[in-house]
Amino acid sequence: MRIAGLQKLTLLDYPGKTAATVFTPGCNFRCPFCHNADLVTGGAAHETTAGASASADAISLDEFFAFLSKRQGLLDGVCISGGEPLLQPGIEDFCARVRELGYTVKLDTNGSFPDRLRALVKAGLVDCVAMDVKNAPERYAETVGVPAFDLAPVQASLDFLLTGTVPYEVRTTVVRELHTADDLHALAAWVQGVQAWHLQSFIDAESVLGGTGRFHAWDPDDLRALLPELQRLVPTVALRGVE
């Protein structure tokens, strides 16, 4: 298990809890709108808003658990993000150590490793899951930057979450160049029945994998206007971070 970045305090990444977020390097997707390019490619740096990192191994496991030990009673949980955390060997032991210290665990995942996801949940090592659903099935390969992408693992992860075994949400970063209204309707039809679905606005940055200025957010008013139509299919859909 490698940690490429640490945000020592977040009130946003783990809804309803004060938490720390660890960022793991490496990802099997190449979403061109991803704003964590260095993490995705396993690169050398990842900046956080309330923590620090300086290298692909920004903090050792010993340092991280020493930090957690000092925060007992001050933090509720740990969010494991990336990159794609389920690529990490040893994530099971990592989650177990976090929980032994009295913290709950939230896992962020792209859903492409359903067996590992299921195993962590059934072992009681993950308390909450946030899964990215990138786009309508017909545009998934384009959106994740992997030609001929096999959607079956993502479908299996979604099917598992729909069983309600663990609290979860699904979320979609909406990009003008990649998501039409029809795409979002098709995506809504695909994820019907989910506990929660959040639409997030794309935010441009120098760290975007496909390059700065290539992608743009939807107009917030257009997203708000579309929301009631999507709610007819997914009543739990809501906007997050849309100004």
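The buried residues of helix 7 pack against helix 5 (140-144), helix 6 (152-162), strand 7 (168-174), strand 8 (197-201) and helix 8 (220-233). This is a predicted model, where local features need pLDDT of at least 70, side-chain atom pairs count only at pLDDT 80 or more, and totals for chains, interfaces and linings use all residues. Residues are numbered from 1 along each chain as its sequence is written, and side-chain values use heavy atoms, with hydrogens and water left out.

**Helix 7**
- Helix 7 spans residues 181-190, and its buried residues are Asp183, Leu184, Leu187, Ala188 and Trp190.
- Those buried residues fall within an arc of 155° seen down the axis, so they line one face of helix 7.
- Buried means under 20% relative accessible area, exposed over 50%, and partly exposed in between (1.4 Å probe, protein chains only).
- Helices (H or I, at least four residues) and strands (E, at least two) are DSSP runs, numbered from the N terminus.
- The arc is that of the directions from the helix axis to the C-beta atoms.

**Helix 2**
- In helix 2 (residues 61-70), Phe64, Phe65, Phe67 and Leu68 are buried.
- Their arc around the axis is only 150°, which puts them on the same side of helix 2.
- Asp62 and Lys70 are exposed, on the face turned away from the buried side of helix 2.
- The buried residues of helix 2 pack against strand 1 (5-10), strand 2, strand 4 (77-81) and helix 3 (91-100).
- Contact means heavy atoms within 4.5 Å.

**Helix 4 and helix 6**
- Helix 4 (residues 114-122) packs with helix 6 at an angle of about 25°, and their axes are 9 Å apart.
- That makes helix 4 roughly parallel to helix 6 (angles under 35 degrees count as roughly parallel).
- Axes are lines fitted to C-alpha atoms, for helices over the stretch in contact, and angles run from 0 to 180 degrees between N-to-C directions.
- Helix 4 contributes Pro114, Leu117, Arg118, Val121 and Lys122 to the contact, while helix 6 contributes Pro153, Ala156, Ser157, Phe160 and Leu161.

**Two buried residues**
- His198 lies in strand 8 and is buried, with a relative accessible area of 15%.
- The residues that His198 touches include Glu169, Thr172 and Ala238, not counting residues up to four places away in sequence.
- Pro25 sits in the loop between strand 2 (19-23) and helix 1 (37-40).
- Pro25 is buried too, with a relative accessible area of 5%.
- C-alpha to C-alpha, Pro25 and Gln88 are 8.4 Å apart in space, yet 63 residues apart in sequence.

Key. Angles under 35 degrees count as roughly parallel, over 145 as roughly antiparallel, 65 to 115 as roughly perpendicular and the rest as oblique.
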